[in-house]
Amino acid sequence: MQEQRVRTAFIGLGVMGYPMAGYLAKAGHETVVFNRTAAKAAAWVDEYGGRSAPTPLEAAKEADIVFCCVGNDDDVREVILGEQGVLAGIGDGGIIVDHTTASASIAREIHGKAGKHGVGFLDAPVSGGQAGAENGQLTVMVGGDADVFDRARPVIDCYSKAVTLIGPVGAGQLAKMVNQICIAGVVQGLAEGLHFAACAGLDPAVVIESISKGAAQSWQMENRWETMVAGEFEFGFAVDWMRKDLALTLDEARRNGARLEMTELIDRYYSDVQAMGGSRWDTSSLIARLKKV
């Protein structure tokens, strides 16, 4: 059965938002886009059709669901709650889905204000990186009310392989923090393992062929070991963005009492990578600081 076409808007056409919005258009949903750099929005319209709007307010005016994917809490607050923001334009009964990785507190703030306007809100950060967005294979962690989730999910499915309602508003962002904690540990472990193999005179290809068939296997091992050994770090999610996410995570841990000793340490290691000039390297670049003599 063909899904019902929905009027959508997408705010933020970065490396994630651009292809995500494209999947909405390709699925047949009427899509209006907004980007602070208007040329990017114009390029999107040339590629996918639809139209662009001069402000988030204008983009949201006729939309049933407005999606956002911007940089941080301040950006989220501006594009949704600002004078020219989404909430000033979207109609009663509409839904805002925020795919930005941000704090749980901003999600709860927006949910409260949206509810006063009769608008549903979901915090829905994603995992899968640029490749996941481009291939329509993102994992989406959602916080919000079940009825709002049920209405939005068929549209979110356009660019996702897994969409899960974690709990109430804020739970999506908290789950993304768990995701980043786990990734940080896996990448550091892989970096140290490959570094150890090199120092021991082992052939990393032979070692990985062996251990990737056992309990050490991970997505990072399968997809990043070769580029890590080669010192190539141009494959997606940047160190700057990881440190932004880890800062959110560590701040939340200070509030809830979680002990994140490993995460604090690896955050400092990523700071070392930034100091080496690796701010825009991908997160597998943790190995670079081990190779530095």
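Q: Leaving aside neighbours within four places in sequence, which residues is Ala63 in contact with?
A: Arg7, Thr8, Ala9 and Ile90. Contact means heavy atoms within 4.5 Å.

Q: What kind of model is this?
A: This is a predicted model: local features need pLDDT of at least 70, side-chain atom pairs count only at pLDDT 80 or more, and totals for chains, interfaces and linings use all residues. Residues are numbered from 1 along each chain as its sequence is written, and side-chain values use heavy atoms, with hydrogens and water left out.

Q: Back to Ala63. Where does it lie?
A: In the loop between helix 3 (56-60) and strand 4. Helices (H or I, at least four residues) and strands (E, at least two) are DSSP runs, numbered from the N terminus.

Q: Ala63: buried or exposed?
A: Ala63 counts as buried, at 8% relative accessibility. Buried means under 20% relative accessible area, exposed over 50%, and partly exposed in between (1.4 Å probe, protein chains only).

Q: New topic. Which residues touch the most other members of the largest nonpolar core?
A: Phe10, Phe67, Val97 and Tyr159, out of 32 residues. A nonpolar core is a set of buried Ala, Val, Leu, Ile, Met, Phe, Trp, Tyr and Cys residues joined through side-chain atoms within 4.5 Å.

Q: Which elements supply at least two residues of that core?
A: Helix 1 (17-26), helix 2 (38-48), strand 4 (65-68), strand 5 (95-98), strand 8 (138-143) and helix 7 (146-156). Apart from this core lies another, of 25 residues, including Ile90 and Val169.

Q: Now helices. At what angle do helix 4 and helix 5 pack?
A: About 10 degrees, with their axes 10 Å apart. Axes are lines fitted to C-alpha atoms, for helices over the stretch in contact, and angles run from 0 to 180 degrees between N-to-C directions. Helix 4 and helix 5 are therefore roughly parallel. Angles under 35 degrees count as roughly parallel, over 145 as roughly antiparallel, 65 to 115 as roughly perpendicular and the rest as oblique.

Q: And how do helix 11 and helix 12 cross?
A: At roughly 150 degrees, with axes that come within 10 Å. So helix 11 is roughly antiparallel to helix 12. Their crossing is left-handed. That term applies if the near helix is turned anticlockwise from the far one by less than a right angle; clockwise is right-handed.

Q: Which angle do helix 8 and helix 11 make?
A: About 115 degrees, with their axes 9 Å apart. Among the residues making the contact are Leu174 and Met177 of helix 8 and Leu246 and Leu248 of helix 11. The contact divides into 8 nonpolar, 2 polar and 3 charged residues. Ala, Val, Leu, Ile, Met, Phe, Trp, Tyr, Cys and Pro count as nonpolar, Asp, Glu, Lys and Arg as charged, and the others, Gly among them, as polar.

Q: Last one. Where is Ala191?
A: In helix 8. Ala191 counts as buried, at 0% relative accessibility. Leaving aside neighbours within four places in sequence, Ala191 is in contact with Met228, Leu286, Ile287 and Leu290.
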